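Subject: Structure for you to look at, with notes

Dear colleague,

My notes come after it, and I would be glad if you read them with the model on screen.

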Amino acid sequence: MRVIERPWFSTAFLLVTFTVLFAGDAVRFTVGWVTFSVIAAASGAASVLILVTYRERWRLGALPYPLLVFLGLATLSMAWSAYPAASLLGLVTTWLIAIAAAAVAIAFGWREIIAALGQLFAAVLAVSIAFELFVSLVIRAPILPLFTQPGVDYSSYDTIPKMLYWSRNELFEVLGAGRIQGIVGNANNLALIAALAVIVFSVQIVDGSIRRRWPVLGLALAAVTLLFTRSATITVALIVAAAVTAAVLLLRQARSPRARVSIGVSIVAVVTLGGATVAVFGSQLLGLLGKSADFTGRADIWRNVLELANQRALAGWGWVSYWIPWAAPFDTLAFRNGVRQLQAHNAWIDVFFQLGVLGLVVFVALTASTLLRCWLLAIDRPRSAHGQTARYAAATLFPVVVLTLLLIQSVAESRLLVESGFALLVIFAIKSKMPESPLAVDDSFREAGRS
């Protein structure tokens with residue numbers, strides 16, 4: 001088979017772009033916001049160049065309509081935004097993310113994307129464990145970021161809240177109430193990276209796209225990180241993602257349309273039973289996960305945001321993505337343990353608040369249509385260039401499993417609207433709609449990875 005070698009800067013682009021999206025806090029805490037902004041702008045410029053270079057592969061009218069409508073509505077919201085300057089800043093970051101994600105989706109194959117994510121996740125997890133070890137063994141005290149977070153004044157606190165620390169020095173307390181935060185400075189974000197790493201390394205092991213020992217080591221590192229971060233949301237999300245994986249594998253084994261229907265009905269029955277169980281025993285299940293009935297203070301935030309959102313229910317207060325801490329009403333809207341919150345901790349409530357019912361309908365259409373296409377990509381038998389049926393590839397499981405994980409997390413976090421979450425949504429939305437085979441570039445990439 002002919003091997004297609006990618007230029008070195010293609011791999012560099014993927015790694016830099018994914019670093020900005022998945023480990024942005026680590027970069028900002030280490031080198032500051034100005035340097036981070038320069039890196040992000042350079043990544044955005046490279047994304048535009050890639051889109052121009054590969055212009056024969058795409059056209060605007062072929063992109064997913066819900067995605068275009070959502071971006072258009074967010075942009076138009078500047079006209080009625082209650083905080084136009086904050087909306088402008090939010091729109092710049094949202095469009096940069098969307099353009100970068102589009103460049104990744106159009107120019108790279110699934111296995112290239114998965115390989116780059118695997119390299120980044122392995123590095124982030126390894127450095128995070130080393131970082132926490134250094135803090136616990138050498139510094140022996142919590143440490144703050146090297147560069148102060150915007151809108152945070154440490155001098156205003158008698159006691160600095162634990163949420164503001166880069167590391168809480170809790171590595172040796174993880175068997176009790178302790179949680180590590182790693183270089184990203186947030187236990188939940190680190191847990192998300194570990195969960196995504198589990199999916200990525202599992203796909204690589206099954207697909208055999210790289211030497212087996214590396215993804216096995218990466219999988220072990222991800223498992224340890226999940227244990228040390230102790231995120232209830234990510235634990236639930238991984239369980240649901242595993243159930244989706246099992247459902248896909250069952251459907252792949254079906255030998256006839258009738259068998260597929262039977263399996264499909266069984267899946268619907270299990271989902272219905274699971275939903276009923278959560279509805280009836282929700283508080284008990286939360287207790288098992290170590291969470292309170294108010295989702296660790298999130299219920300109060302949801303209540304406050306919804307009260308404000310209902311005042312502009314049709315089109316919302318204006319798009320902003322991450323809340324801007326110095327702009328009203330975000331400067332006083334939500335606090336948790338004395339720390340100003342920069343999200344509603346629920347993507348759907350956040351969309352309703354920022355873009356109203358109109359935005360919520362469009363966003364539901366975007367996520368639902370993307371999930372459906374990713375599901376079909378996972379269960380439909382692939383075909384070769386000659387029209388013959390081909391074997392299933394583990395890489396085609398990646399989009400539907402990851403998107404499931406993100407959708408479950410969206411109930412407790414707004415990550416689906418910003419940085420890595422929104423980028424993955426855009427990548428899946430575009431790539432699952434591309435007419436060419438999703439593995440068109442990837443077979444040659446797998447051979448190159450083995451050489």
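Below are the overall figures, then the core, the aromatic contacts and some details of the backbone.

Please keep in mind that this is a predicted model, in which local features need pLDDT of at least 70 and side-chain atom pairs count only at pLDDT 80 or more, while totals for chains, interfaces and linings use all residues. Residues are numbered from 1 along each chain as its sequence is written, and side-chain values use heavy atoms, with hydrogens and water left out.

Overall picture

The protein averages a pLDDT of 87, and 88% of the residues score at least 70, pLDDT being the predictor's confidence in each residue on a scale from 0 to 100. Confidence is highest in α4, at 97, and lowest in helix α15 (residues 442-450), at a mean of 37. Over residues 437-451 the pLDDT is below 50, although this stretch has 38 contacts in the model beyond near neighbours in sequence, a contact meaning heavy atoms within 4.5 Å.

Of the 451 residues, 50% are buried, where buried means under 20% relative accessible area, exposed over 50% and partly exposed in between, with a 1.4 Å probe and protein chains only. Among contacts between residues at least 6 apart in sequence, 76% join residues at least 24 apart.

The core

The largest nonpolar core has 106 residues, and those with the most contacts inside it are F18, F22, F121, F398, F428 and I430; such a core is a set of buried Ala, Val, Leu, Ile, Met, Phe, Trp, Tyr and Cys residues joined through side-chain atoms within 4.5 Å. Helix α7 (residues 187-207) gives the most to this core, with 13 residues. Apart from this core lies another, of 19 residues, which include L308, A327, L333 and A344. If neighbours within four places in sequence are left aside, F398 is in contact with W110, I114, L117, I199, V200, V203 and F428.

Aromatic contacts

The count comes to 18 aromatic pairs, under a rule by which rings of Phe, Tyr and Trp (its six-membered ring) pair if their centres lie within 6.5 Å, with planes under 30 degrees apart counted as stacked, over 60 as edge-to-face and the rest as tilted. Y83 and F330 form a tilted pair, at 4.9 Å centre to centre and 55 degrees between the planes. This pair links distant parts of the chain, 247 residues apart, with Y83 in the loop between α4 (65-76) and α5 (84-107) and F330 in the loop between α11 (298-309) and β1 (335-336). Y83 is buried, with a relative accessible area of 4%, and F330 is buried too, at 0%. The rings of F330 and F353 have their centres 5.9 Å apart and their planes at 80 degrees, so this pair is edge-to-face. F353 lies in helix α12 (residues 347-379), so its pairing with F330 ties together parts that are 23 residues apart in sequence. Elsewhere, F70, W319, W348, F363 and F422 form one aromatic cluster.

Two charged side chains also sit over rings, the rule being NZ of Lys or CZ of Arg within 6 Å of the ring centre and within 35 degrees of the ring normal. The charged end of R28 is over the ring of F36, 4.6 Å from its centre, and K431 lies over the face of W110, at 5.6 Å from the ring centre.

Backbone details

A cis peptide bond joins A328 and P329, with omega about 5 degrees, and P329 is found in the loop between α11 and β1. S321 is placed in the loop between α11 and β1; its phi is near 55 degrees, a positive value in a residue other than glycine. H345, in the loop between β2 (339-340) and α12, has a positive phi of about 60 degrees although it is not a glycine. S321 is buried, with a relative accessible area of 8%, and H345 is buried at 4%.

With best wishes

Conventions. Helices (H or I, at least four residues) and strands (E, at least two) are DSSP runs, numbered from the N terminus.
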